[in-house]
Amino acid sequence: MVNTPASFKQVDVTRAIKGAVAANMEVGAAYIDRQGNIIVFAKGEAVTSAKSNIDKMLGIG
């Protein structure tokens with residue numbers, strides 16, 4: 001099995017969440033896709049339906 005570099009790092013996720021908190025968002029979840037895109041969801045937001053929509057936009061699902 002080949003070791004491939006990660007498409008994101010922990011610091012990337014930390015920055016995304018800290019940015020959302022700085023914008024007065026109550027963070028409920030974060031989703032990272034295979035390309036390394038980080039999507040931060042507000043608390044109470046429907047993550048499963050939003051995930052499906054994002055997958056459709058990206059052509060994954």
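Start with the whole surface. The accessible surface of the protein comes to about 4800 Å², and 54% of that area belongs to carbon and sulfur atoms. Accessible areas here come from the Shrake-Rupley method with a 1.4 Å probe, and for residues only the protein chains shown count as cover.

This is a predicted model, where local features need pLDDT of at least 70, side-chain atom pairs count only at pLDDT 80 or more, and totals for chains, interfaces and linings use all residues. Residues are numbered from 1 along each chain as its sequence is written, and side-chain values use heavy atoms, with hydrogens and water left out.

**Colour by secondary structure.** You will find two helices and two strands. From the N terminus on, they run α-β-β-α. Helices (H or I, at least four residues) and strands (E, at least two) are DSSP runs, numbered from the N terminus.

**Colour by burial.** The protein has 61 residues, and 18% of them are buried. Buried means under 20% relative accessible area, exposed over 50%, and partly exposed in between (1.4 Å probe, protein chains only).

**Show the contacts.** Take those between residues at least 6 apart in sequence: 22% join residues at least 24 apart. A contact means heavy atoms within 4.5 Å.

**Select helix α1, residues 10-22.** Arg15 and Asp12 both lie here, three residues apart, about one turn of the helix. Their side chains meet in a salt bridge, at 4.0 Å from N to O. A salt bridge is a side-chain nitrogen of Lys or Arg within 4 Å of a carboxyl oxygen of Asp or Glu. By this rule the count comes to one salt bridge.

Now check how open each partner is. Arg15 is exposed, with a relative accessible area of 57%. Asp12 is partly exposed, at 30%.

**Move to Asp33.** Where does Asp33 sit? Asp33 is in the loop between β1 (27-32) and β2 (38-42). Asp33 is buried yet has no salt bridge. The nearest side chain of opposite charge is Arg34, 8.4 Å away. For charge, Lys and Arg count as positive and Asp and Glu as negative, while His and the chain ends are not counted.

**Finish with Asn37.** Which part of Asn37 does the side chain of Asp33 reach? The side chain of Asp33 reaches the backbone nitrogen of Asn37, at 2.8 Å.

How values were computed:
A polar contact is a pair of N or O atoms within 3.5 Å; within protein, one must be able to donate a hydrogen and the other to accept it, and residues adjacent in sequence count only if both atoms are side-chain atoms.
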